[in-house]
Amino acid sequence: MSSSVRAVSRGSILLVALLVYSAAPAEEASPYRVDERDFGRTIRKVAVAPADAAQRVHMPDAVARLVEEEVIRLLDRKGYDVMPVSAYAAIQDRMTDAVGGLNDPSTGALDPDKAAAVRDHSFREMLRSHDMDGVVRIRVRHVGAPFAEDRAEWDGVKQEVEVRKEERGSPYRGKKMSGTIAASSVQVSVYDRNENLLYSAQGGVELVMRRAGPEFEELAPGQLFQDDKRLRNAVKLAVREL
Amino acid sequence: MRTLLSRLTLVCCLCTAPAFAAKVVPITELEAFPENESEQSLWQMAEEHEQRLEKEQRRWRNAEVEDYVRSVVLRMMGDRLDHVQVDVEIILVSEPTLSAWVYPYGDIAVHTGLLAGMENEAQLAAILGHEISHFVHRHSYRELVVDNQQSGLGKGLGLLLTAAVAAKTGAVDTGLMDSVGGLYTGLVTNGYSRKLEHVADAGGLELMAEAGYDRAEAVTAFEALKQNDVYGVVNVNTLWSSHPKLEDRIENLRSDVEQARRGKDYRPGKVPDSASYYRAIAPALLYNASLDLRDRFFDRARNALQKYLSVEPSAQAEFLVGETHRLAALEGPDFEPRLAAYRRAVELDSRYAPAYREIGMAERQRGGAPAAAAALQRYVELAPEAPDAGIIRAYLEDLR
């Protein structure tokens with residue numbers, strides 16, 4: 001996604017802004033895919049799968065641990081019986097070892113077929129060996145965040161768009177813009193024992209790009225996930241309806 | 001950017017269109033097609049949309065099924081378009097919902113879900129006839145140029161420009177939304193008024209009758225579009241108040257069919273048998289079942305697989321039937337329906353590895369260690385390089 005938004009013409013930004021303006025505001029959809037009362041009746045004991053990151057999201061292990069711990073802490077506080085991530089992680093690690101690792105030995109790239117096999121068998125093995133009502137999956141992913149006058153708002157959070165300082169004489173110097181910029185969000189999903197999706201919600205973490213005149217630049221990995229407060233808030237937003 | 005340019009061109013053409021906007025005649029009355037620059041611009045936008053399907057890998061290519069659908073279209077068109085040399089292409093779209101649309105130059109897109117949802121060729125012909133009718137009467141161009149000019153461009157520029165790219169029947173497909181504006185929903189729904197839909201419905205019935213199909217099958221075909229409710233998608237016809245509701249259209253079709261029956265020149269058409277239809281679209285039945293399985297619409301998947309198996313014994317189809325039972329209830333406790341399907345699969349093809357894996361997994365789950373070990377062993381022998389072969393070997397170690 002980011003390659004397509006890396007360089008966006010001013011015209012496109014303005015066009016997007018125009019269309020966003022002309023669209024009627026959408027009603028916020030419920031994160032529940034089933035009746036909320038049925039969810040409450042059937043889902044009490046949950047296993048939490050290790051947090052994963054979508055392609056192109058460089059999530060350090062420490063960030064994954066922080067997000068997992070926060071999900072467990074909040075679910076525990078909401079009265080769920082939560083199994084530690086270690087239970088799921090142990091099975092997942094065993095499966096990963098059995099397939100000889102998830103990366104192609106020659107290219108180092110992730111082998112999607114092996115990843116799918118590990119995911120599938122880990123889930124089946126969890127069902128076989130643990131008594132639980134469902135599984136909580138955590139994923140950090142990139143999303144499009146609409147921004148107006150250089151202020152972005154997505155998945156329950158707001159953030160000023162960082163703007164690279166323009167040189168004197170540049171037509172973009174001091175100009176505020178509107179459009180859509182890439183951001184990261186934490187997604188929390190709950191599945192039942194048959195892998196039916198029951199709940200899915202997101203909380204915004206941070207923008208992963210800055211604006212340079214009419215174009216966008218990706219932020220370096222070292223500039224991302226630096227604010228624990230933002231991460232904790234993203235988790236809080238993603239589980240608040242549970 | 002090309003899309004933007006073609007839209008701007010179309011805006012310019014629309015501004016200068018009044019001279020020819022007074023009447024849009026059917027293609028059958030034209031000598032050349034497209035008629036003018038503004039229609040040419042509409043075509044260009046439609047081509048860009050068609051190319052996007054390709055780019056987004058949403059096309060499902062199968063020459064056999066494409067040829068079959070095209071043969072039905074050509075049978076219905078007859079020779080009425082020979083003078084403008086329209087070369088119709090069939091675009092099969094990898095989508096389990098029931099939908100079809102026509103581009104302004106005659107290419108017809110059909111969801112694999114629509115093919116799977118019909119019961120015989122006459123029903124498919126009913127939907128295709130409707131799309132052909134939109135095409136022959138140049139409804140997209142008409143809606144864009146004539147009706148919208150008359151309404152003072154009241155529908156909004158974005159919708160106007162996208163409204164005429166394709167006429168659609170069935171489900172609104174949000175996956176096809178335009179990346180810059182998400183306006184495709186408007187495109188496929190807002191573009192056709194009640195009046196034009198009725199013309200297309202009636203025209204479709206006439207085409208069916210001329211091609212020798214029983215018109216009554218159109219009622220069943222449009223009834224089948226209600227299956228889209230399963231997917232939680234919005235039927236095209238229920239989204240906009242200016243558009244006739246699906247129920248109303250079915251009633252209209254029913255009444256048109258009855259009226260035709262009472263006519264003195266009425267000749268009953270044929271209802272081709274379902275088996276020939278399932279045979280002609282067999283690869284689409286199997287493919288669409290895998291889409292339904294992926295999206296967890298197990299009953300729909302099983303239904304398509306049963307249609308497939310009624311004409312073609314297949315280990316893969318039997319295996320997928322087993323998967324519809326397994327995925328609907330991962331742990332059982334009723335293992336028999338899935339095991340029966342997996343066993344039928346290996347009876348049909350003793351080298352069909354995935355069925356052995358699932359027999360083994362089910363037996364392991366219910367505690368049948370020797371049967372599990374035998375089946376899992378057979379799996380790793382047949383598929384030693386499978387992505388999960390290492391995991392299955394680990395299970396075998398545990399079982400010993």
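This briefing covers aromatic ring pairs and charges over rings in a predicted model. Local features need pLDDT of at least 70, side-chain atom pairs count only at pLDDT 80 or more, and totals for chains, interfaces and linings use all residues. Residues are numbered from 1 along each chain as written, chains are lettered from A in written order, and side-chain values use heavy atoms, without hydrogens or water.

**Ring pairs**
- Rings of Phe, Tyr and Trp (its six-membered ring) pair if their centres lie within 6.5 Å; planes under 30 degrees apart are stacked, over 60 edge-to-face, the rest tilted.
- By this rule, there are 14 aromatic pairs over all chains.
- B:Tyr68 and B:Tyr277 form a tilted pair, because their centres are 6.3 Å apart and their planes stand at 55 degrees.
- This pair links distant parts of the chain: B:Tyr68 is in helix H4 (residues 63-77) of chain B, and B:Tyr277 is in helix H14 (residues 274-280) of chain B, 209 residues apart.
- Helices here are DSSP runs (H or I, at least four residues), numbered from the N terminus.
- B:Trp101 and B:Tyr103 are edge-to-face, because their planes meet at 75 degrees, with centres 6.3 Å apart.
- Ring pairs join B:Phe33, B:Trp43, B:Trp101, B:Tyr103, B:Tyr105 and B:Phe135 into a cluster.

**Burial**
- Buried means under 20% relative accessible area (1.4 Å probe, protein chains only).
- B:Tyr68 is buried at 13%, and B:Tyr277 is buried at 1%.
- B:Trp101 and B:Tyr103 are both buried.

**Charges over rings**
- A charge sits over a ring if NZ of Lys or CZ of Arg is within 6 Å of the ring centre and within 35 degrees of the ring normal.
- A:Arg44 lies over the face of A:Tyr80, 4.7 Å from the ring centre.
- A:Arg137 lies over the face of A:Tyr191, at 5.8 Å from the ring centre.

Terms used
Helices (H or I, at least four residues) and strands (E, at least two) are DSSP runs, numbered from the N terminus. Buried means under 20% relative accessible area, exposed over 50%, partly exposed in between (1.4 Å probe, protein chains only).
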